[in-house]
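Subject: Structure for your files

Hello,

Here is the structure we spoke about. My notes on it follow below.

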Amino acid sequence: AFGGNFSEQILAGINIDTLLATAEHDDSATSALRAKLRIAHKQQQKRQEQIPPAWERRALPLQAATVISGSDDPLWALLDISQNLPSRASSLVNVVQTKAIRSAAEEIWNNIPLLRDDS
């Protein structure tokens, strides 16, 4: 479980040090940003601990394929998703599958009878 200790470098997936190095420093704005990111970070951590119900996971392979194929670094995305699937599932179920991925999956399904139970 998440204990509430934050790395001040990474909050809610954002590298704060890098972000602030490129921005003008305004202590009140910086404090407000850190506070909002802490809240987002806690929410993300909590959501990652929850595995979606089975009905939400039905399209998970296609949603993962959509994320991987749309990534700037598909190999890293594949590695990340495959090694962290339980914690990534709650985010993946919200991904809208692309038509290309869905069409490719349907074509494979229709052309490889061994994948179907009706054979």
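What percentage of the contacts in the chain with a separation of 6 or more is accounted for by residues 24 or more positions apart? The figure is 64%, where contact means heavy atoms within 4.5 Å.

On the source: this is a predicted model, in which local features need pLDDT of at least 70 and side-chain atom pairs count only at pLDDT 80 or more, while totals for chains, interfaces and linings use all residues. Residues are numbered from 1 along each chain as its sequence is written, and side-chain values use heavy atoms, with hydrogens and water left out.

Overall layout. The chain has two strands and seven helices, in the order β-β-α-α-α-α-α-α-α from the N terminus. Both kinds of element are DSSP runs numbered from the N terminus: helices are H or I with at least four residues, strands E with at least two. Of the 119 residues, 19% count as buried (under 20% relative accessible area; exposed is over 50%, partly exposed in between; 1.4 Å probe, protein chains only).

H4 spans residues 60-69, and its buried residues are Leu-60, Gln-63, Ala-64, Thr-66 and Ile-68. The cover over them includes H3 (54-57), H5 (74-83), H6 (85-92) and H7 (99-111). The largest nonpolar core has eight residues: Leu-60, Ala-64, Ile-68, Ala-77, Ile-81, Ala-89, Leu-92 and Val-93. Such a core is a set of buried Ala, Val, Leu, Ile, Met, Phe, Trp, Tyr and Cys residues joined through side-chain atoms within 4.5 Å. H4 gives the largest share of this core, three residues. Leaving aside neighbours within four places in sequence, Leu-60 is in contact with Leu-85, Ala-89, Leu-92 and Val-93.

Salt bridge. The count is one, taking a side-chain nitrogen of Lys or Arg within 4 Å of a carboxyl oxygen of Asp or Glu. Asp-80 and Arg-88 form it, at 2.9 Å from N to O. Asp-80 is buried, at 14% relative accessible area, whereas Arg-88 is partly exposed, at 24%.

The largest pocket holds about 260 Å³ of space. Twelve residues line it, and Val-67, Asp-80, Ile-81, Arg-88 and Ser-91 are the closest to its centre. A pocket here is an open set of points on a 1 Å grid over the protein atoms alone, where a 1.4 Å probe fits, with protein on both sides within 12 Å along at least five of seven lines; lining residues have an atom within 4 Å of a point. Points are joined across faces, edges and corners, and the volume is the space filled by probe spheres set on them. H5 and H6 each supply at least two lining residues.

Regards
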